[in-house]
Amino acid sequence: PQASVAEHDLRGVVHTLPDLVLGNTKPALIVFAIAAALLLLITCVNVSNLLLVRGLGRVREIAVRLALGAGRRTIVAQLLTENALLAAAGGVLGVAVAAGAVHLFVAFAPAGTPRLDEIGMNGAALAGAVVITTLAVLVFGLGPAVITSRVDLQDALRSGTRQTGSRRSRLAAGALVAAQVALAMVVLSAAALIARSLANLERAPLGFASSHLLVAELAMPANEFDSPAKTNAMLEALTPELRAIPGVLGVSPVVAAPYSGSAAWSGIPAAEGQSAEQGSANPIVNIELVGADYFAAMGLPVLRGRGFTVDDRAGAPTVAVISRSVAAYYWPNDDAIGKRLAMGGDWTHGATVVGVVPDTRYHALREAVPNVYFPLRQSFFAAAPTMLVVRTSGPPAEVVPALRREIARLVPGVGLASASPFDAYLNEPLAEPRLNTFLLTVFATAAVALCAIGLFGTMAAMVRQRTREIGVRMALGATAANLTAMMLRRGLTIAAAGIALGLAGAYATNHLLGTLLYGVSPTDGMTLAAVAAAMLGVGLLATVVPARATARVDAVVALRAEE
């Protein structure tokens, strides 16, 4: 069973390595499209709700128009025209806001955001905005217009008989606000999960000490270093000299830069004693060709056995160091030290395992990758490293000038093409999660704000519609605290209903976030509970002001009101 688990883990890491390195662009686009659609839907429901409340406040006006001979179609056309004008004004304002938001996003986008120079407004986006605005008017503007035009003339023109209509309007408006809260819950829960994933990813253990670590790339003339042997010889001579620079604690060649979109070299190791059939079923692992100082330079602890030494040179027994998951796969019930393996079953280069180290996140941040390490001095590969990792005692940037001088002095024609602290490379794999978090946070903030506005507007309209009822209650002895509590209960009931629907929606839809999450479940109970509590708090804040307004109603004035 242990071997089976190790094989599953090892194969899973290797088979998904391209996705881990290159990111999850397509799922992110799907999530953003859904979030944008939900935000648009929340906006449209909010506007439709406000139009409904506004229209039902004009029932007497509509009734008078109908009594004077206006047809329902004329009334609907008038109301729809008003709604279309509002939508057009909103569309123009939205385009202006979008253009400004794009400029701000480009200016303040997270470091490492890909293809940032291609982001901008274009004709297709504007055409899409016009089409969407038109559809929104037809779908969400027509409904309130039709409902508003349905007026009972006798009831509407009779004084004091609008309470029945107002009750229906309150129920409809409450249902629309609850729908907004539910949709906002879905967006907010997605943003919270993505934010937790980013926090987990930023704290993910790398397997080595990333602080005080410099990654440098060498620029070498191809005609002079036209074979791996020449390059390896140059590196063997160069690294001890660089190690002597003040402030440098360790130097080693490495094959590839961190998170460069390449898993360096890869191969299929075969363990001694495996048949050809068993060897062909082994998984692919990452291969590193490193110097004797590599494990000290990387701050990579040796869990068992030893690392490489200067004695691991050509002519000496070939050795290898493997990572923990490789050892667990090949020798689950035995110590890997002293065992032999060969790449691709070529036993002319069979190596004895002398050490076991942790799996690292040098090539992929989302998952620790299994590795097999070979010493540079025993290289049998058809290529050579062109990168260096340098461990420093102080800030890595301080040793860069000295490195440049020493390289130019020791190997004329070879230069330092680039040199950056390891933490700078972390911006690459973190760029997409940071962008995802930023955008979903913007969507969620807008969604919650719209919900708060919708709930506030509905409760304020409810207070106005129930002015006479409030006056009667006050005349019968209701206190300001009683009336405030009544309105608070109404608002919180609407919010609670929306939260319950939103939790169900989040459970149903958050699985779409699966590949974007790290270290958190799509249905994480703690996150959903926090989001629900936050939404309940927003509902309470949006209800408090209209609820307290009931306490300021004058009973005499309220009893004289039409409603």
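Rings of Phe, Tyr and Trp (its six-membered ring) pair if their centres lie within 6.5 Å; planes under 30 degrees apart count as stacked, over 60 as edge-to-face and the rest as tilted. The exercises below concern a predicted model, in which local features need pLDDT of at least 70, side-chain atom pairs count only at pLDDT 80 or more, and totals for chains, interfaces and linings use all residues. Residues are numbered from 1 along each chain as its sequence is written, and side-chain values use heavy atoms, with hydrogens and water left out.

**Exercise 1. Aromatic pairs**

Determine how many aromatic pairs the structure holds, and classify the pair of Y294 and Y373.

Solution. Step 1: the count of aromatic pairs is 14. Step 2: the ring centres of Y294 and Y373 are 5.6 Å apart and the planes stand at 40°, so this pair is tilted. Step 3: the pair joins distant parts of the chain, since Y294 belongs to helix α11 (residues 294–298) and Y373 to strand β10, 79 residues apart. Helices (H or I, at least four residues) and strands (E, at least two) are DSSP runs, numbered from the N terminus. Step 4: both Y294 and Y373 are buried; the term means under 20% relative accessible area, with exposed over 50% and partly exposed in between (1.4 Å probe, protein chains only). Step 5: one aromatic cluster is formed by F208, Y259, Y362 and F422.

**Exercise 2. The chain as a whole**

State the secondary structure content of the chain, its buried percentage and its accessible surface.

Solution. Step 1: the chain has 19 helices and twelve strands. Step 2: of its 563 residues, 45% are buried. Step 3: the accessible surface is about 26,000 Å², and carbon and sulfur atoms contribute 64% of it. Such areas come from the Shrake-Rupley method with a 1.4 Å probe; for residues, only the protein chains shown count as cover. Step 4: among contacts (heavy atoms within 4.5 Å) with a separation of 6 or more, 82% involve residues 24 or more positions apart.

**Exercise 3. The partners of β9**

Identify which strands pair with β9, and in which sense.

Solution. Step 1: two strands pair if DSSP finds at least two bridges between them. Step 2: strand β6 (residues 304–305) is antiparallel to β9 over two bridges, and G305 faces G355 of β9. Step 3: strand β7 (residues 319–323) runs parallel to β9 and is joined to it by five bridges; here A320 lies opposite V353. Step 4: strand β8 (residues 340–343) is antiparallel to β9, again with two bridges, and L341 has A351 as its bridge partner. Step 5: β9 itself (residues 351–357) is mostly covered, with six of its seven residues buried. Step 6: β8 also has three bridges to strand β4 (residues 269–271), in the antiparallel sense; in that pairing P269 is the bridge partner of M343.

**Exercise 4. The setting of N46**

Locate N46 and list its contacts beyond four places in sequence.

Solution. Step 1: N46 lies in helix α3 (residues 25–56). Step 2: its relative accessibility is 3%, so N46 is buried. Step 3: with neighbours within four places in sequence set aside, N46 contacts Q180, L450, I453 and G454. Step 4: the side chains of N46 and Q180 form a polar contact at 3.4 Å. That term denotes a pair of N or O atoms within 3.5 Å; within protein, one must be able to donate a hydrogen and the other to accept it, and residues adjacent in sequence count only if both atoms are side-chain atoms.
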